[in-house]
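Have the structure open as you read.

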Amino acid sequence: MDSIVVTGGRTLNGTVQVSGSKNAALPVLFASLLADGEHRFDNVPRLRDIDSTEELLRSLNCSTERDGNTLTVGVRRPDAPVAPYDLVRKMRASILCLGPLLTRYGEARVSLPGGCAIGTRPVDLHVETMQRLGADIDIEGGYVIAKASRLVGERITFEKVTVGGTENALMAAVLAQGTTVLENAAKEPEVVDLVHYLRAMGASIDGEGTSVITIDGVDELRPNRHRIVPDRIEAGTLLIAGAITGGNVTVEGCVPVHLQALIDKLRECGFSIRTGSESLTVEAAASWQGADVTTAPYPAFPTDLQAQFMALMTQADGTSVITEGIFENRFMHVQELVRLGANITPMAQVAVVRGNRGELSGAAVMATDLRASASLVLAGLAAEGETQVNRIYHLDRGYEQLERKLAGLGAKIRRVAA
Ligand code: EPZ
């Protein structure tokens, strides 16, 4: 298995370009199942999770063709609307084909994704939503088996904010009969991006980006072309990379407002952040203060940047209290950061980080999930000596050539093939 070796102590400087968003691309690619014909997506990152999605789409009779960052998906009726365990276990987001397959074909058989390193991550809210829209659901042999002659619009209040649950509900409701109202819906930019594509396909939707989304079902949708929104989590990770090395780094091609919670926290720490219309710059700082962070649904601080921010806090003056408000087990990077010399005390979903500037020293560490891997790479940039981050396949699920982007900013970093 490949690993990444970082030699710490270099200051990053320069400009780096952000890729398209993984978490926006995945639902949009599954939305293509809603209409036969050729869908064209621009700014699609090259990632393992995108490969897994293509594989699942191909198993459903679709064709996929890449030309640079443009991905064309040709959709045709599948032999059977099934997402098998073999494919779903590679990527939990595969559950997002439940809504489109069910609403389109009146039935769907989608494997339950199973456990996940960052928490139990049930899909009960996805399943309940389909039931509320009129589907009969059986759980059999590890599969969700859903049937409905035609889904019927409903008023659905999510008991907690769920990004994937909102996306699945949207994709199911666009072809349902009548009006669906989603309350306590997710407001994430990735949900908004999905609505933009559904609307381009002919769907009638109002209220995206707020907690109440109204969908008037239509009889048919048609394929279209769509540009995937920039990846706010990648942008945030690169900004923190600049910050942790005390460098001047500009992240280009992002949507600054999508990162407001991070910008506010970095400013609270004492960093100077400049915002352009599509760029963010962190200016060199010799030292910074600790800041407390609690992750929560958008527009609050994202759980997907918690691990990276924690790496930055290990180098702050003072203490920061980091509370993970979304997932119950998303502190697996803590023990690995501690192996690098960080002073962190985890307590259930709260971690107390006592900043210890200049005290990290390189070691071999193990990546346990996507964002944990990024956090270890960031810590490696600030550590003395060599840090070897193993099990880097997690990183490849969600970051497009992170090591090349960091090397372009002056990091001493290389991928080592196993
Ligand atoms: C999305 O996951 C992202 N994945 C995650 O990014 C991100 O961490 C998460 O949203 C939160 O922002 C994709 O977009 C592909 P949720 P999702 O449903 O949709 C609970 C990354 O690193 N819940 O909003 O699965 C759940 O357990 C990844 O790129 C239920 O209880 O997250 C969690 O506690 C990791 N029942 C909370 O809701 C359900 O049926 C929010 O999860 C669904 C969710």
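In this predicted model, Arg-104 pairs up with Asp-36 in a salt bridge, with 3.1 Å between the closest N and O atoms. Arg-104 sits in helix α4 (residues 98–105) and Asp-36 in the loop between α1 and β3 (37–42), so the bridge ties together parts 68 residues apart in sequence. Arg-104 is partly exposed, at 26% relative accessible area, and Asp-36 is partly exposed too, at 36%.

**Other salt bridges**
- The structure has 21 salt bridges.
- Asp-304 and Arg-330 form one of them, their closest N and O atoms 2.7 Å apart.
- That pair links distant parts of the chain, 26 residues apart: Asp-304 is in the loop between β18 (293–294) and α10 (306–313), and Arg-330 in the loop between β19 (319–323) and α11 (332–339).
- Asp-304 and Arg-330 are both buried.
- Arg-414 meets Glu-386 at 3.8 Å, N to O; Arg-414 is in strand β24 (residues 412–416) and Glu-386 in strand β23 (residues 386–390), so parts 28 residues apart in sequence are tied together.
- Asp-2, Asp-396, Glu-403 and Arg-415 join up in a salt-bridge network.

**Nonpolar cores**
- The largest nonpolar core has 70 residues, and those with the most contacts inside it include Leu-34, Leu-170 and Leu-182.
- Helix α1 (residues 22–31) gives the most to this core, with 7 residues.
- Apart from that core lies another, of 69 residues, among them Val-6, Leu-305, Phe-331 and Ala-411.
- Leu-182 touches residues including Ile-156, Phe-158, Leu-170 and Ile-213, leaving aside those up to four places away in sequence.

Key
Residues are numbered from 1 along each chain as its sequence is written. This is a predicted model: local features need pLDDT of at least 70, side-chain atom pairs count only at pLDDT 80 or more; totals for chains, interfaces and linings use all residues. Side-chain values use heavy atoms; hydrogens and water are left out. A nonpolar core is a set of buried Ala, Val, Leu, Ile, Met, Phe, Trp, Tyr and Cys residues joined through side-chain atoms within 4.5 Å. Buried means under 20% relative accessible area, exposed over 50%, partly exposed in between (1.4 Å probe, protein chains only). Helices (H or I, at least four residues) and strands (E, at least two) are DSSP runs, numbered from the N terminus. Contact means heavy atoms within 4.5 Å. A salt bridge is a side-chain nitrogen of Lys or Arg within 4 Å of a carboxyl oxygen of Asp or Glu.
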